[in-house]
Amino acid sequence: MVKVLIADKMSPKAAEIFRDRGVDVDEKPGMSPDELKACIAEYDGLAVRSATKVTPEILAAADNLKVIGRAGIGVDNINVPEATNRGVVVMNTPFGNSITTAEHAISMMMALARNIPAANASTQAGKWEKSKFMGVEVHGKVLGIIGCGNIGQIVADRALGLKMRVLGYDPFLSEDRARELGIRRVELDELFAKSDFITLHTPLTDQTRGIVGKAAFDKMKPGARLVNCARGGLVDEAALKEALDSGKIAGAALDVFAEEPAKENALFGTANFVATPHLGASTTEAQVNVAIQVAEQMSDYLLTGGVTNALNMPSLSAEEAPLLQPYMKLAEQVGGFAGQITESSLKKARIEYEGHVATLNTKPLTAVVLEGLLAPLMDSVNMVNAPVIARERDIEVAEVKHDRAGDYHTLIRLTVETDRGERTVSGTLFANEAPRIVRINDVPIEARLSQHMLYVTNNDKPGFIGALGSTLGEAGINIARFSLGRPGDDGPDGIAVALVAVDQPVGKEVLDKINALTHVRQAKALRF
Ligand SMILES: NC(=O)c1ccc[n+]([C@@H]2O[C@H](COP(=O)([O-])OP(=O)(O)OC[C@H]3O[C@@H](n4cnc5c(N)ncnc54)[C@H](O)[C@@H]3O)[C@@H](O)[C@H]2O)c1
Ligand SMILES: O=C(O)CC[C@@H](O)C(=O)O
């Protein structure tokens with residue numbers, strides 16, 4: 001039975017769904033890093049919110065971990081590159097808390113506009129400071145949104161409802177989309193210069209870190225107000241303190257901090273500063289949404305191989321997963337075959353899908369072909385990290401689909417280009433389930449692969465098969481199947497190929513003997 005750990009406080013719905021789907025689940029929120037490290041090897045899946053830090057040390061101890069599910073959006077508490085290296089799929093729930101977070105940003109804006117937190121504290125302290133808390137309307141004011149993705153767009157919609165004028169800065173926002181949203185797309189400097197309120201909704205990246213720093217405050221309209229419900233680190237907190245203290249800006253509201261939990265911070269106690277403890281996603285509705293979604297996604301992956309909202313794997317629905325299953329095996333064999341017969345550095349890999357397979361979701365198949373191709377050449381490769389490794393090593397990967405079937409109703413053809421030229425391996429499925437290699441370079445063949453294989457290219461001369469059989473027999477190696485092929489139908493004297501399935505591994509000594517046989521050009525032992 002697969003086993004999952006819920007390591008952060010999550011709606012009970014998550015555990016309920018895991019159990020209903022037949023997944024064993026432990027709930028242990030609030031564990032220390034050492035406690036997590038000590039128990040993580042027991043689990044196939046780890047479900048977290050933002051408190052648990054999934055570090056390389058935790059991942060190194062996670063011997064059985066296959067999937068990490070983030071009940072939320074940002075995955076900055078998970079070391080995704082390291083998870084990818086280790087073949088662990090990382091998924092998030094990108095929409096479950098968007099409305100809630102957008103509503104929090106709007107609430108923060110309103111809290112700033114009407115001084116609600118300070119007025120509340122003062123009133124409950126028995127003061128009646130009516131004139132101290134003069135506010136501003138948001139009606140007719142300009143809201144500048146930095147980051148117009150899911151949450152930014154919802155904020156824009158709500159702000160338009162409040163009759164604000166909305167500016168958006170996002171390198172990926174098209175003019176057409178901005179028009180549809182009813183907002184004006186601007187450059188960052190214009191946004192700073194023209195906005196009465198500024199709200200941030202980008203992830204924290206190398207490009208966005210400190211995006212609102214001293215230079216930005218200098219460009220802002222005097223009296224502007226700033227909201228950050230995205231990620232700490234987007235706002236330079238020291239520069240913000242200076243801008244508040246100097247009166248350059250009229251207020252700021254942060255839900256997120258450079259260091260969390262923010263139990264101490266230089267901004268605390270600053271006039272016109274509002275803080276909440278990373279509450280953006282904290283509504284009953286959002287927490288139920290993300291808990292249900294994360295548990296369903298993780299169960300799908302662990303039980304059926306379906307992949308939804310993964311950050312390091314192509315998507316694959318739970319319905320598609322069983323259809324792709326036999327092709328996964330074929331993809332692994334085609335890739336593995338090409339990888340084992342390739343001896344010099346890979347430059348290009350072209351993966352062609354022909355006939356029935358071309359109608360399916362081929363992205364996961366490409367990942368598996370690459371895994372098979374790279375696995376003989378390097379350690380620790382898996383379908384999650386294979387596309388990344390190929391990219392890092394400058395291997396150009398092309399995926400081509402031909403809807404029309406050729407000689408076979410379905411075919412995967414892998415052509416690899418190396419310094420020494422091209423090699424091609426093609427495979428099909430017999431009866432829609434049994435993988436067969438049907439061509440190696442220009443040689444048609446029909447071979448079922450098994451764990452131990454011998455691949456021989458030889459001069460097509462009488463006596464070769466007998467000599468090979470005797471050599472294997474003398475070494476106590478039993479032949480299970482023997483497949484032969486030669487290019488075209490032009491008779492003997494050319495090159496031929498033999499793919500021999502054997503019941504025992506062919507060691508180096510035997511391989512040397514085979515390579516020394518008359519007519520053998522090259523023999524290789526392959527493993528699948
Ligand atoms: N406070 C909370 O509890 C809470 C809750 C949910 C999400 N969040 C955070 O909110 C952020 C946004 O979430 P989302 O769902 O809208 O994400 P999203 O991916 O849909 O949108 C992010 C947008 O930022 C844009 N962007 C990227 N780099 C940019 C740059 N340099 N300048 C301007 N825009 C840039 C992207 O193009 C994208 O449109 C995430 O970082 C997420 O972690 C916080
Ligand atoms: O889980 C939370 O409370 C915060 C989630 C939020 O930061 C997110 O990125 O989705």
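In what order do the four strands of the open sheet run? The order is S20-S21-S19-S22, with antiparallel pairing.

## About the model

This is a predicted model, in which local features need pLDDT of at least 70, side-chain atom pairs count only at pLDDT 80 or more, and totals for chains, interfaces and linings use all residues. Residues are numbered from 1 along each chain as its sequence is written, while chains are lettered from A and ligands numbered from 1 in the order in which they are written.

## The sheet and its helix

Strands here are DSSP runs (E, at least two residues), as are helices (H or I, at least four), numbered from the N terminus; two strands pair if DSSP finds at least two bridges between them. At the edges lie S20 (479-485) and S22 (520-527), each pairing on one side only. Neighbouring strands are turned by 15° against each other on average, direction ignored.

S20 joins S21 (residues 495-502) through six antiparallel bridges; Arg 481 has Ala 501 in S21 as its bridge partner. Helix H17 (residues 508-516) packs on the sheet, touching S19 (452-459) and S22, and its direction makes about 155° with that of S22. Contact means C-beta atoms, placed from the backbone, within 7 Å; axes are lines fitted to C-alpha atoms, for helices over the stretch in contact, with angles from 0 to 180 degrees between N-to-C directions.

## Around ligand 1

Let's turn to the ligand. 31 residues surround ligand 1, and the closest are Gly 74, Gly 147, Gly 149, Ile 151 and Gly 280; the criterion is a C-beta atom, placed from the backbone, within 6 Å. Helix H7 (150-161) and helix H5 (98-113) each supply at least two shell residues, with H7 giving the most, three.

Notes. Contact = placed C-beta atoms within 7 Å.
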